[in-house]
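Here is a short tour of some backbone details worth a look. Please keep the sequence and the model side by side as you read.

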Amino acid sequence: MKAGLYLHIPFCKSKCAYCDFASFAGQEEKMAAYAEKVQEEIRQKALQYPGTVIATLFIGGGTPSLFPPEMMENVLRCLHDHFVFDPQAECTCECNPGTVTESFLQVLKKWGINRLSFGAQCAQPHLLHMLGRIHTWEDVCASVSLARENGFRNINLDIMLGLPGQSEKDVQETLEKALALSPTHLSCYGLIVEEGTLLSHQVEKGLWQLPDEETERREYALCQSMLAAHGFVQYEISNFALPAFPCRHNLDCWRRKEYIGIGSAACGFMGNVRWQNPPALQDYLAGMPSDETVISPEEARFESMMLGLRTMEGVSEKDFLAMHGVSLEKAFGRQLKKPLQEGLIKWEMGRVFLTETGLSLQNRILVELL
Ligand code: SF4
């Protein structure tokens, strides 16, 4: 049985102003214990899901590139000792510019990591500073160049849109500079100001002004047109790739394929059980149990729609029937009528997918499907 594997490395140099991920700064002294605990979980998960062939691996965080190379090597060796990897497995590691070293990249290369994802975000120093990022655009260029020297060809850059004070010209300049680095993939995310973050307090105090919806819409449209002109195909709301380079790990998640999650805060889903490991570092290290939920057939069907409709390929009738034992027509035919009539959804060639207008109204459509 094939599955994905997500491995969470929660350490960061400092906390970015907008970040509400399960990541921690100033906890370097816990790295060694974490590496041990993760290996313990790898052994336990391998016993729990024997015979699983890893089709995709995604090492995310946090800042995985902050993990000392020898610890990363121990973790990767342990993964390969206990799981079988598909020879064509896509294996990604997230890296932050300014934290990537040659020895770290060599360890990744040695253990089959064949895709890197850099949090580049934007090219303007004042915006990087506002976000609390620890790097400059020059660091992005240096890290990508080091990655290439070490044999990495499949490279993603994360870019942020909708930032306070970000102009369309800034977005254009960032994309031009990003494209000049010849990535195979670009993830362009709109900023979400999450409650409790430093940025949300600053916005509340009036320190930063968020762009209006129209500005955000124009930035997104600019992104779509510039990337299309450079041969990138949009395959999900925020993701663009050169042909043959969409992120297979994320695509499998949106197709609701199973994945094993390992590490603090990591989520996983196998069969009809979904789990989340303890998000707090000390709880994970103390061996607190994960939070498990049994997914009902109705929830599973809704998940397929919710995830699949994020992608341009949409939800396949055939895959839906194979996964849920009930046809798409029977499960959602009635609820789909209205968005179909309104031109928000199309049902063609055995697939249901959102139209361009539907993409911007995705949340409303999902509420109707519920
Ligand atoms: S590097 Fe990423 S995970 Fe770490 S604090 Fe910044 S946004 Fe959060």
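Predicted model: local features only at pLDDT ≥ 70, side-chain atom pairs only at ≥ 80, totals over all residues.

Residues are numbered from 1 along each chain as its sequence is written. Most residues other than glycine have a negative phi, and most peptide bonds are trans.

**The cis peptide bond**
- Glycine 61 and glycine 62 are joined by a cis peptide bond, with omega about 20°.
- Glycine 62 sits in the loop between strand S4 (53-61) and helix H2 (69-82); helices (H or I, at least four residues) and strands (E, at least two) are DSSP runs, numbered from the N terminus.

**Arginine 256**
- Arginine 256 has a positive phi, near 60°, and belongs to the loop between helix H9 (248-254) and strand S11 (259-262).
- Arginine 256 counts as buried because it has 21 C-beta neighbours inside 10 Å; the cut-offs are 20 or more other C-beta atoms within 10 Å for buried, 12 or fewer for exposed, and partly exposed in between, with C-beta atoms placed from the backbone.

**Methionine 349 and its hairpin**
- S16 and S17 form a hairpin with two residues between them, and methionine 349 in the turn has a positive phi of about 50°.
- Methionine 349 is exposed, since 9 other C-beta atoms lie within 10 Å.
- S16 and S17 pair antiparallel over four bridges, where pairing requires that DSSP finds at least two bridges between two strands.
- Glutamate 348 has arginine 351 in S17 as its bridge partner.

**The other partner of S17**
- Strand S15 (residues 315-316) is joined to S17 by two bridges, running antiparallel.
- Valine 315 has valine 352 in S17 as its bridge partner.
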